[in-house]
Amino acid sequence: MDVLQLDVSGRPQARLSAQEAATLYASDAIAWTLGDPFIVLRGGIQQRTGLQSRLELHPIVAVRGAMPSRAWRTEPALSNPKLFARDRQVCAYCGKRFHLDELTREHIKPTSRGGGDTWMNCITACRGCNGLKGNRTLDELRWSLYYLPYIPSLHEDMILRGRRIVADQMEFLLASVPAHSRLRN
Ligand SMILES: [Zn+2]
């Protein structure tokens, strides 16, 4: 199970292993936490007290101080698994749902004609529809989209990554997912 790391303003930054999170606790880098402790780490016997050291990790931790520049990106990186998750594995052209291995990253405006490899120009399409569309535009084909593309927020991105998310983390992330997100339907 991972710990969700935020910056002090509450923006998601990373998912940490228990050991990585323990390092933050030990270096007093945690500004605040959310949720009840969900992992307990046990260490060695403390000489002074004779008791075993014990560290409780919270599911969500906000770290203080300056962040590496990577953390300040406002738009999550595009990947096929996240694109297919954003679009609920539904083809934007025929509106049917497919298995992951039948899906493709489809560029609404073809890259060969200047379309970007971006969240707003990419949509999930089945292999059949992608092949039919080729390098033509929607106008040329008189096709329309079954749903619209959008840029996921950083909070949504953490959910789209598809790793195991505990209830406290899901509650926190969903609270900041915009109303237009398909994760809300
Ligand atoms: Zn299709």
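Contact means heavy atoms within 4.5 Å.

## Basis of the model

This is a predicted model, in which local features need pLDDT of at least 70, side-chain atom pairs count only at pLDDT 80 or more, and totals for chains, interfaces and linings use all residues. Residues are numbered from 1 along each chain as its sequence is written, and side-chain values use heavy atoms, with hydrogens and water left out.

## Q169

Q169 is part of helix α6, residues 167–175 (helices are DSSP runs of H or I with at least four residues, strands runs of E with at least two, numbered from the N terminus). Leaving out residues up to four places away in sequence, Q169 touches D2, V3, L4, R15, F38, P59, I60 and R164. Q169 counts as buried because its relative accessibility is 0% (buried means under 20% relative accessible area, with a 1.4 Å probe and protein chains only). A polar atom of the Q169 side chain lies 2.9 Å from the backbone oxygen of D2.

## The sheet

An open sheet is formed by 4 strands in the order β2-β1-β6-β3, with mixed pairing (two strands pair if DSSP finds at least two bridges between them). The edge strands, β2 (12–16) and β3 (30–34), each pair on one side only. Strands β1 (residues 3–7) and β6 (residues 60–63) pair in the parallel sense over 4 bridges. Helix α6 packs on this sheet and touches β1, β2, β3 and β6.

## The largest nonpolar core

The largest nonpolar core has 17 residues, of which C91, Y93 and I123 touch the most other members (a nonpolar core is a set of buried Ala, Val, Leu, Ile, Met, Phe, Trp, Tyr and Cys residues joined through side-chain atoms within 4.5 Å). Strand β8 gives the largest share of this core, 4 residues.

Definitions and conventions. Buried means under 20% relative accessible area, exposed over 50%, partly exposed in between (1.4 Å probe, protein chains only). A polar contact is a pair of N or O atoms within 3.5 Å; within protein, one must be able to donate a hydrogen and the other to accept it, and residues adjacent in sequence count only if both atoms are side-chain atoms. Axes are lines fitted to C-alpha atoms, for helices over the stretch in contact, and angles run from 0 to 180 degrees between N-to-C directions.
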